[in-house]
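Please look over the structure shown below. The briefing that follows goes through it topic by topic.

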Protein chains: 2
Amino acid sequence: MNMTEPIRVAIAGHGNLGRGVEAAMGHNPDMQLVGIYTRRPPEQLRPRQPGTPVFAMETQPGHAGRIDVLILCGGSREDLPRQGPEYAALFNTVDSFDTHARIPEYFTAVDAPAKANRRTALISAGWDPGMFSINRILGEALLPDGETYTFWGDGLSQGHSDAVRRIPGVAGAVQYTRPVPAAMERARNGSRPALATREKHRRECFVVLQDGVEPGPVREAIVTMEHYFADYDTTVNFISAEELARNHAAMMHGGFVIRSGKTSANTTQTIEYSLKLDSNPEFTASVLVAYARAVHRLHAMGQFGAKTVFDVPPGLLSPRSAEQLRAGQL
Amino acid sequence: MNMTEPIRVAIAGHGNLGRGVEAAMGHNPDMQLVGIYTRRPPEQLRPRQPGTPVFAMETQPGHAGRIDVLILCGGSREDLPRQGPEYAALFNTVDSFDTHARIPEYFTAVDAPAKANRRTALISAGWDPGMFSINRILGEALLPDGETYTFWGDGLSQGHSDAVRRIPGVAGAVQYTRPVPAAMERARNGSRPALATREKHRRECFVVLQDGVEPGPVREAIVTMEHYFADYDTTVNFISAEELARNHAAMMHGGFVIRSGKTSANTTQTIEYSLKLDSNPEFTASVLVAYARAVHRLHAMGQFGAKTVFDVPPGLLSPRSAEQLRAGQL
């Protein structure tokens, strides 16, 4: 776009995701980070780039004129259901609301204030929901006579790690979700298998026990845990606190969207999209920043209200102009 | 969309691609194939579905009111440079113009008549250009500090097969382009290698010799051929006409778009999109049909002129409504 004025972006919330957005902003020179809003005392926050202004969250409504797009980096359970509708009345926003079942009601809650105030609010960006969602609907549209499979991993699952940590006697733990290679091969080869939960993914835990705790009952408590582990083949490894800190601190994740289908009787076509992420929050943040650029452009085009990744032309995510994209990137 | 009125689609040109569009139409019940236009005598054409109307190409201008979207299935060298601008004045169109270097001038040639006549003309759809292009620009937008690699194959290359067939003494031939696995691994691992042409792909030919022809000089003519084979490691296999017909008739193709980049100093993220196609023309045709749906909707929204895949929100390719997509597909 070769914009002379950078897009002014601010961050609401400075956890892993907010810090990831800070990092991503450094790779996008057409945007400028104009502020970080936090619920902590602002003087306690150390921005990645010294000199980035830090403000208390409650000062935000007064800053509407200074911000082109506000990236909401709070959680989907507590923060976004409140912040999304509230800030969509004041700012153009991007968020990563990821409670799949509640997306329709969240969309409605954000859409009304955004439309009433002529703002553009992109919800549920990231990789799932987000890039995986796009690949699921494109796969279905391009190969209607087919089947879609989503596999996650290898990846660290925060929710499952927390569940293990709550077991009495556990001093520390992480849980990895791993796709089963044989199931992925069946998904790819066009045979359209019906894959049970246990066939698609397995779970692997690395657990540190408190002093004097026996491993047997902890292992049993994990593998039989309803909703989390009972439906999976789960491996439990007991390790030292040092090994946990040394080898299991990275928030790696990723996954696969595989669509296989037929275009005529004997013709199988397979589309596969995959991510291999050293850092789940940093990648999600990178997606949010690219969509902040798109939101700024949609707003300039007069497209107000709530939007999802399904509503955004891919070209709007690129810093290049439409002419540049046609000349060099098609 | 649950449209009560199906989208009326017609096909211009009935080669491999046009026949693929016919096949794809059968998988999209929200669309109706209302005609096939051919330069051959219409009575000689056998449509896939008996009863599909077949017309002479020159009758087309008189049928503008009957067709919502015309899919141009001609070639990029001879047909589309003439047909694209001509038909964009009369119909909403979709085409697969794939001469990458000439896309900007083709866009301009189609844009003017489409705008002047309030038509929507989507150019250069398919998989490359097309789905691969989308993945190239998204990869760059999501991971600005990174490198993109496109690999093609395993796939039958029509142009290279033709080049081998033109060598004196050759009775028949096919050529496969194969990506080099070691190069793909280097592209994926984030080391951002500079990969020479010879490192990325190799070429494999299956050749039938005319009676009494010596293989040595034919092999030499192939592997030294400038622009086609000289820059590659090429394997030449001599086979019988029977084997050529039996094992090498399928128009398989595919490829990979790999983007690897860093979001912070020690964090590598890799995005990969791949296609494994039993039939190159049938998959390209499926893409064209999905974009025909999008073009019909863009036209209804008043978005006139030439468009590319970069301009189309992914949701418009799906037969589902935006509400349905948010509820079930995010």
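Ser124(B) lies in the loop between strand E6 and helix H4 of chain B; helices (H or I, at least four residues) and strands (E, at least two) are DSSP runs, numbered from the N terminus. Phi of Ser124(B) is near 60°, a positive value in a residue other than glycine. This is a predicted model, in which local features need pLDDT of at least 70 and side-chain atom pairs count only at pLDDT 80 or more, while totals for chains, interfaces and linings use all residues; side-chain values use heavy atoms, with hydrogens and water left out. Residues are numbered from 1 along each chain as its sequence is written, and chains are lettered from A and ligands numbered from 1 in the order in which they are written.

**Backbone features**

- Most residues other than glycine have a negative phi, and most peptide bonds are trans.
- Ser124(B) counts as buried because its relative accessibility is 0%; buried means under 20% relative accessible area, exposed over 50%, and partly exposed in between (1.4 Å probe, protein chains only).
- Arg192(A) also is not a glycine and has a positive phi, of about 50°.
- Arg192(A) sits in the loop between helix H6 (181-188) and helix H7 (197-200) of chain A.
- With a relative accessible area of 29%, Arg192(A) is partly exposed.
- In chain A, Asp128(A) and Pro129(A) are joined by a cis peptide bond, with omega about 5°.
- Pro129(A) belongs to the loop between strand E6 (120-122) and helix H4 (131-142) of chain A.
- In chain B, a cis peptide bond with omega of about 5° links Asp128(B) and Pro129(B).
- Pro129(B) is in the loop between E6 and helix H4 (131-142) of chain B.

- Thr120(B) is part of strand E6 of chain B.
- Thr120(B) is buried, because its relative accessible area is 0%.
- Leaving aside neighbours within four places in sequence, the residues in contact with Thr120(B) (heavy atoms within 4.5 Å) include Phe91(B), Asn92(B), Thr93(B), Val295(B) and Leu298(B).
- Helix H2 (residues 80-88) of chain B has these buried residues: Leu80(B), Gln83(B), Gly84(B), Pro85(B), Tyr87(B) and Ala88(B).
- Those buried residues of H2(B) pack against strand E4 (69-72), strand E5 (93-94), helix H3 (103-116) and strand E6 (120-122) of chain B.

**Two packed helices in chain B**

- Two packed helices are described by the angle between their axes and the distance between the axes.
- Helix H1 (residues 16-25) and helix H10 (residues 280-300) of chain B pack at an angle of about 60°, and their axes are 8 Å apart.
- Axes are lines fitted to C-alpha atoms, for helices over the stretch in contact, and angles run from 0 to 180 degrees between N-to-C directions.
- H1(B) and H10(B) are therefore oblique to each other; angles under 35 degrees count as roughly parallel, over 145 as roughly antiparallel, 65 to 115 as roughly perpendicular and the rest as oblique.
- From H1(B), the contact is made by Asn16(B), Leu17(B), Gly20(B), Val21(B), Ala24(B) and Met25(B).
- The residues of H10(B) in this contact include Pro281(B), Glu282(B), Thr284(B) and Ala285(B).
- The residues of the contact of H1(B) with H10(B) are eight nonpolar, four polar and one charged; Ala, Val, Leu, Ile, Met, Phe, Trp, Tyr, Cys and Pro count as nonpolar, Asp, Glu, Lys and Arg as charged, and the others, Gly among them, as polar.

- Arg203(A) is in strand E10 (residues 201-209) of chain A.
- Arg203(A) counts as buried, because its relative accessibility is 7%.
- Arg203(A) and Pro179(A) are 24 residues apart along the chain, and their C-alpha atoms are separated by 8.8 Å.
- Thr234(A) is in strand E11 (residues 233-238) of chain A.
- Thr234(A) has a relative accessible area of 18% and is therefore buried.
- Not counting residues up to four places away in sequence, Thr234(A) touches Arg203(A), Cys205(A), Ile222(A), Val223(A) and Phe229(A).

**Cysteines**

- Cys205(A) is buried, at 0% relative accessibility.
- Cys73(B) is buried too, with a relative accessible area of 9%.
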